[in-house]
Amino acid sequence: MTQIIEITDSAGRIVAGEWLQQAEAVHRQLRPQLMPDYLGQMQRVFAGGAQMLVAVEDGRVLGLTVWRILEKTFSRSELYIDDLVTDAGHRSTGVGKALLAWCEAKARDVGCTQLTLDSGTPRLKAHKFYFREGLQITSFHFVKTLDS
């Protein structure tokens, strides 16, 4: 049975460091550009307001999500999902659905008006999943890369 474990508390403090360490390999499947110092980068992300949870089964991390509550002029408050990834060997087994459901329940519990995320345009299988789970495309996300 899949268990959802919170890696951070509401202040962004790491409360389950052993699971964070195990989550790194799964996280890099979605974000290969993560810094070599994974722990240091994640501590900075958490200090910026993000929180993290993992889906675990039989002592293995099968998926994770990094999320945060944002107060915005457009949506008032939203639970924004930075990252949602299921280990490649466990996709379409309900792990992503469980993580997304946890996020939706949390958003409702804290009074958010929206649950939001961005998904890269080539990720068509992920988009099918999001549509199936009731998410809609409501805007475009524009980016200008500022490499020095």
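**Surface patch and selected residues**

Arg91, Arg123, Lys125, Lys128 and Arg132 form a positive surface patch. Patch members have over 30% relative accessible area and no salt bridge, and like charges are joined within 9 Å. A salt bridge puts a side-chain nitrogen of Lys or Arg within 4 Å of a carboxyl oxygen of Asp or Glu. The model is predicted: local features need pLDDT of at least 70, side-chain atom pairs count only at pLDDT 80 or more, and totals for chains, interfaces and linings use all residues. Residues are numbered from 1 along each chain as its sequence is written, and side-chain values use heavy atoms, without hydrogens and water.

**Patch member in a loop**
- Arg91 sits in the loop between strand 4 (76-86) and helix 3 (95-109).
- Its relative accessible area is 43%, so Arg91 is partly exposed (buried is under 20%, exposed over 50%, partly exposed in between; 1.4 Å probe, protein chains only).

**A buried strand residue**
- Gln51 belongs to strand 2 (residues 51-57).
- Gln51 is buried because its relative accessible area is 10%.
- Beyond neighbours within four places in sequence, Gln51 is in contact (heavy atoms within 4.5 Å) with Thr8, Asp9, Ser10, Phe46, Thr65, Val66 and Trp67.

**Positive phi values**
- Asp58, a residue other than glycine, has a positive phi near 50 degrees.
- Asp58 lies in the loop between strand 2 and strand 3 (60-72), and is exposed at 74% relative accessibility.
- Arg76, in strand 4, has a positive phi near 70 degrees.
- Arg76 counts as exposed at 55% relative accessibility.

**An exposed proline**
- Pro32 is in the loop between helix 1 (17-30) and helix 2 (38-47).
- With a relative accessible area of 60%, Pro32 is exposed.

Notes:
Patch = residues over 30% accessible without salt bridge, like charges linked within 9 Å, V, L, I, M, F, W, Y side chains within 5 Å. Areas by Shrake-Rupley, 256 points an atom, 1.4 Å probe, with all protein chains shown as cover. Lys, Arg positive; Asp, Glu negative; His and termini not counted. Charge placed at Lys NZ, Arg CZ, Asp CG, Glu CD. Helix = DSSP H or I, 4+ residues; strand = E, 2+ residues; numbered from the N terminus.
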